[in-house]
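Here is a short briefing to read beside the model. Keep the sequence and the 3D view open as you go.

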Amino acid sequence: MSELDLNKKTSEMLANSKANVKNSKKDFTRPEDELREVVAPDGSIIKINPLYDYFSDEKPKEELPRGGVVEKFLNWARAESIWVLGFGTGCGSIEIPPLVTPRFDMFRYGVQMRPTPRQSNAFIISGYLSVKTLKRVIRTYEQMPSPKYILALGSCTINGGMYYDSYSTINRLDKYIPVDVYIAGCMPRPEALLHGFVKLKELIKAGKAEKANEYARNFDEYKANQKKIIKDWNMPDYNW
Amino acid sequence: MNIYVKLAYTLLGLLIVINWGMLMGATMRKIGARMAGRHGIPFHQPWINLLKNFSTRTTITHGIMYYLGPVFRLSGGVGLFLFMPMVFTGAVDGPWTNFSFEGDLVLILYFQVFGMLGMALGAGEGGHPYSAMGIARGLAQHAAVELPLTLAIVSIAIQYDTLSIYKIVEAQQGSILNWVLFTNPFAAAAIILAMLGALGHSPFNLVKAPNEILIGPATEYEGTYLGFMMTAGAVIHVMEAVLFMNLVFGGANSWLELIVKSFLIYFWSVFVGMVFPRFKIEQSITWFFKVPFVLGVLAILMYSF
């Protein structure tokens, strides 16, 4: 397909999406994400659906702990090696950098920062969460390998805090993703965050930090809640 | 020596090397932390991390090559180990010389690149753009490291007229002045400088540093795959140090000597890393061509005429 044809096709798609807007149901799919046909180098025609070719639309499954001594031992390892995703969502993320400095030093508790969701198993939602960020948080959370844990930092994650009547932030975090540990305060000090980690460790060691399974069990409910607040939903329902 | 006894010794050696690699890694992170005024991780943290990575419940694969990437990397590390004489005991057939043979130097040079290429193919299949960028940077830097390293190694091979690591170690026995460090100073200097790149610490760690383009080739890897890569990393770090110990610093006569020497060699790269900030990829390549490469050429010229 020549470049000219491609341009023509794209403008057609744009016109289509505008037509969709006129219809009663709004469609937020971007032109490059729409279903299309591509001619391969050997002349065959391939159908491409970017949203479902690049991502998985399989629902998460519950992966129950096996129990017994082995699970206890593994839980101990999981508790002693918490890898936190480096994704600051709100003003609370200013409390995270001090944790890697000499004064608070989280490394001695086995807590480290990781740059990619694939390698981390803890997620700090630091403070208020705007609807735009919530979309990214959901995508990131679903890419993390199970078992995964969420620490909610600050009052904003509990009831909205000082942003309780804001048009752009959510009030209750655990309606959208399951939370393991809440750290109250505005802002909580780094010590409080460290205490949160210690609390999370206790939960993991006791085998009570199974919120990833809870998310899988109540997946439809969580998705319905998420879609209620994210109006421009243009991603697959489950995207790891 | 009976082949089964030899195999048992080799497996035991591999176990020692893996654990020593992890302990060495933890020690260096501890040293780094103390430099910054922190407590740092506990000494047993790498083992816990490994255990945790092997116990994740979900793993996502992107295809066969993605799965084989870490396997290739680990087999590259184990390959380095299998053909490397670890402890010099006076006999080629000794217990800790593994499967070293005439010409193992060439094979070792190949195994150094093997894991890297495997990772390139594997991470490429992951499809993440950051992986591809990490690989491009990694391979570019690795080529710049391999060139002076190979020149220096060829110079040593010409010097002793052998391609066997064991014979190179044998020729350095007797006195500290018999070490390549003193008998072939240009090759030694080229190796000591190129080693910084091979061990991959700061200032040459842009490829895999967590805060540069995420984490380089390993962006998509998780759980068991990452566990494999961590094991491979531990083996490769020790084996690189042992290779340079055998080539330049007279080999080791006992495991204790091996541990002390490999620690000091590894510490050299960590020491440099503590002092110098990270290089950009074009800076590091330029540096490798400016300094170690020229030294390598000098070392070759010295023994060619």
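Where is the place of P147(A) in chain A? P147(A) sits in the loop between helix 4 (131–143) and strand 6 (149–153) of chain A. Keep in mind that this is a predicted model. Chain B has 12 helices and 0 strands.

**Chain B as a whole**

- Read from the N terminus, the elements of chain B run α-α-α-α-α-α-α-α-α-α-α-α.
- The C-alpha trace of chain B spans about 55 × 45 × 40 Å along its principal axes.
- A compact globule of 305 residues would have a radius of gyration near 19 Å, and chain B agrees because its value is 19 Å.
- Of the 305 residues in chain B, 50% count as buried.
- Take the contacts in chain B between residues at least 6 apart in sequence: 79% of them join residues at least 24 apart.

**Helix 12 of chain B and its partners**

- Two packed helices are described by the angle between their axes and the distance between the axes.
- Start with helix 8 and helix 12 (residues 292–304) of chain B: their axes come within 8 Å and cross at roughly 155°.
- Angles over 145 degrees count as roughly antiparallel, so helix 8 of chain B is roughly antiparallel to helix 12 of chain B.
- The crossing of helix 8 and helix 12 of chain B is left-handed.
- On the helix 8 side of chain B, the residues that meet helix 12 include F186(B), A190(B) and L193(B). Among their counterparts in helix 12 of chain B are L295(B), A299(B) and M302(B).
- Now turn to helix 5 and helix 12 of chain B: their axes come within 8 Å and cross at roughly 20°.
- Angles under 35 degrees count as roughly parallel, so helix 5 of chain B is roughly parallel to helix 12 of chain B.
- Helix 5 of chain B also passes helix 12 of chain B in a left-handed crossing.
- Helix 5 of chain B brings residues including L147(B), L151(B) and I158(B) to this meeting. Helix 12 of chain B brings residues including F293(B), V297(B) and Y303(B).
- P292(B), L295(B), G296(B) and A299(B) of helix 12 are among the residues that meet helix 8 of chain B, and they are also among those that meet helix 5 of chain B.

**Where chain B meets chain A**

- How many residues of chain B are in contact with chain A? There are 29 residues of chain B in contact with 20 residues of chain A.
- Helix 2 (45–54) and helix 9 of chain B each supply at least two residues of the side that touches chain A.
- The largest share of that side, 5 residues, comes from helix 2 of chain B.

**The domains of chain A**

- The domain assignment of chain A gives domain 1 (3–53) and domain 2 (68–229).
- The C-alpha centres of domain 1 and domain 2 of chain A lie 37 Å apart.

**Cis peptide bonds**

- S146(A) and P147(A) are joined by a cis peptide bond, with omega about -5°.
- The peptide bond from S202(B) to P203(B) is cis, with omega near 5°.
- P203(B) lies in the loop between helix 8 (185–199) and helix 9 (223–248) of chain B.

- N98(B) is not a glycine, and its phi is positive, near 50°.
- N98(B) belongs to the loop between helix 3 (64–82) and helix 4 (104–126) of chain B.
- Is N98(B) buried or exposed? N98(B) counts as buried because it has 22 C-beta neighbours inside 10 Å.
- D161(B) is not a glycine either, and its phi is positive at about 55°.
- D161(B) lies in the loop between helix 5 (129–160) and helix 6 (165–171) of chain B.
- D161(B) counts as exposed because it has 9 C-beta neighbours inside 10 Å.

**A closer look at I165(B)**

- I165(B) is found in helix 6 of chain B.
- I165(B) is buried, with 28 other C-beta atoms within 10 Å.
- Leaving out residues up to four places away in sequence, I165(B) touches M84(B), P85(B), S100(B), D104(B), L105(B), I108(B) and N246(B).
- I165(B) and L181(B) are 16 residues apart along the chain, and 15 Å separates their C-alpha atoms.

How values were computed. Residues are numbered from 1 along each chain as its sequence is written. Chains are lettered from A and ligands numbered from 1 in the order in which they are written. This is a predicted model: local features need pLDDT of at least 70, side-chain atom pairs count only at pLDDT 80 or more; totals for chains, interfaces and linings use all residues. Helices (H or I, at least four residues) and strands (E, at least two) are DSSP runs, numbered from the N terminus. The radius of gyration is taken over C-alpha atoms; the globule rule is 2.2 Å times the number of residues to the power 0.38. A residue is buried if 20 or more other C-beta atoms lie within 10 Å of its own, exposed if 12 or fewer, and partly exposed in between; C-beta atoms are placed from the backbone. Two residues are in contact if their C-beta atoms, placed from the backbone, lie within 7 Å. Domain bounds come from an automatic or database domain assignment. Axes are lines fitted to C-alpha atoms, for helices over the stretch in contact, and angles run from 0 to 180 degrees between N-to-C directions. Angles under 35 degrees count as roughly parallel, over 145 as roughly antiparallel, 65 to 115 as roughly perpendicular and the rest as oblique. A crossing is left-handed if the near helix is turned anticlockwise from the far one by less than a right angle, and right-handed if clockwise.
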